[in-house]
Amino acid sequence: MYKKACLSFQVSAVVFLSACAALDPIGLVPEAQQDAVVAAKVKAELIEEKSLDAAAIRVESNAGAVTIDGFVDNQAQKERAGNLARGVPGVSRVDNQLKVH
C-alpha cells in the first residue's frame, strides 16, 4: 500500500511540475525547478516500465545531466533504465550508476 501511494505521489508530482514548465516559454523558471521536472519525468518513465522496480532507483538532475543509481536485478534492466532516461526531453546526458545485485 505504501509503495503504491508513493508511486502515485511521484506521478502526481510529474504532472504538476510538467505543467509548471510548460507555462514558462521564456525561461523564467529557475534551473533547480527545471532539474526537478526532468528528474520527475525520468522517474515517471522508470515507474511505467514494469520490468523495473522504480522504488529502488534514485534519480537526480543537474542542468540536464541525469544520474540514476540504486539496484536492479540484471544488466538488461540497467541498460533499459539508462535508455529510458536518455529518451526524456531535457536530458543532455545520463550517468548510469545502477548496480546489479
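**Entry 1: the start of α3**

I began at Asn74, which caps the N-terminal end of α3: one of its side-chain oxygens lies 3.2 Å from the backbone nitrogen of Ala76. A reminder to myself: this is a predicted model.

Next I looked up the helix itself. α3 runs over residues 75-86, which makes 12 residues. From first C-alpha to last, α3 reaches 17 Å, close to the 16 Å expected at 1.5 Å a residue.

**Entry 2: the buried side of α3**

Which residues of α3 are buried? I noted Gln77, Ala81, Gly82, Leu84 and Ala85. They cover an arc of only 160 degrees around the axis, which puts them on the same side of α3.

I then asked what the buried residues of α3 pack against. I found α2 (31-48), β2 (65-72) and β3 (93-100).

**Entry 3: Gln77**

Setting aside neighbours within four places in sequence, I found Gln77 in contact with Ser51, Leu52 and Val72.

**Entry 4: the sheet**

On to the strands. I see an open sheet of 3 strands in the order β1-β2-β3, with mixed pairing. β1 (57-62) and β3 are the edge strands, each pairing on one side only. From one strand to the next, the twist averages 10 degrees.

How do β1 and β2 run, parallel or antiparallel? They run antiparallel, and 6 bridges join them. I looked up two pairs here: Ile57 has Gly70 of β2 as its bridge partner, and Ser61 stands opposite Val66 in β2. β1 and β2 form a hairpin with 2 residues between them. In the turn I noted Ala63, with a positive phi of about 55 degrees.

β2 and β3 pair in the parallel sense, over 8 bridges. For Asp69, I found the bridge partner Gln97 in β3.

I counted burial along β2: 6 of its 8 residues are buried, so β2 is largely enclosed by the rest of the structure.

Last, I went back to β1 and β2, joined by 6 bridges. α2 packs on the sheet and touches β1 and β2, its direction making about 150 degrees with that of β1. α3 packs on the sheet too, touching β2 and β3, and its direction makes about 160 degrees with that of β3.

Notes. Residues numbered from 1 in each chain as written. Predicted model: local features only at pLDDT ≥ 70, side-chain atom pairs only at ≥ 80, totals over all residues. Heavy atoms only, no water. Helix = DSSP H or I, 4+ residues; strand = E, 2+ residues; numbered from the N terminus. Expected span 1.5 Å × (residues − 1). Buried < 20%, exposed > 50% of the residue type's maximum accessible area, 1.4 Å probe, protein only. Arc of directions from axis to C-beta. Contact = heavy atoms within 4.5 Å. Polar contact = N/O pair within 3.5 Å; in protein donor to acceptor, adjacent residues only side chain to side chain. Pairing = 2+ DSSP bridges. Axes fitted to C-alpha atoms, helices over the stretch in contact; angles between N-to-C directions.
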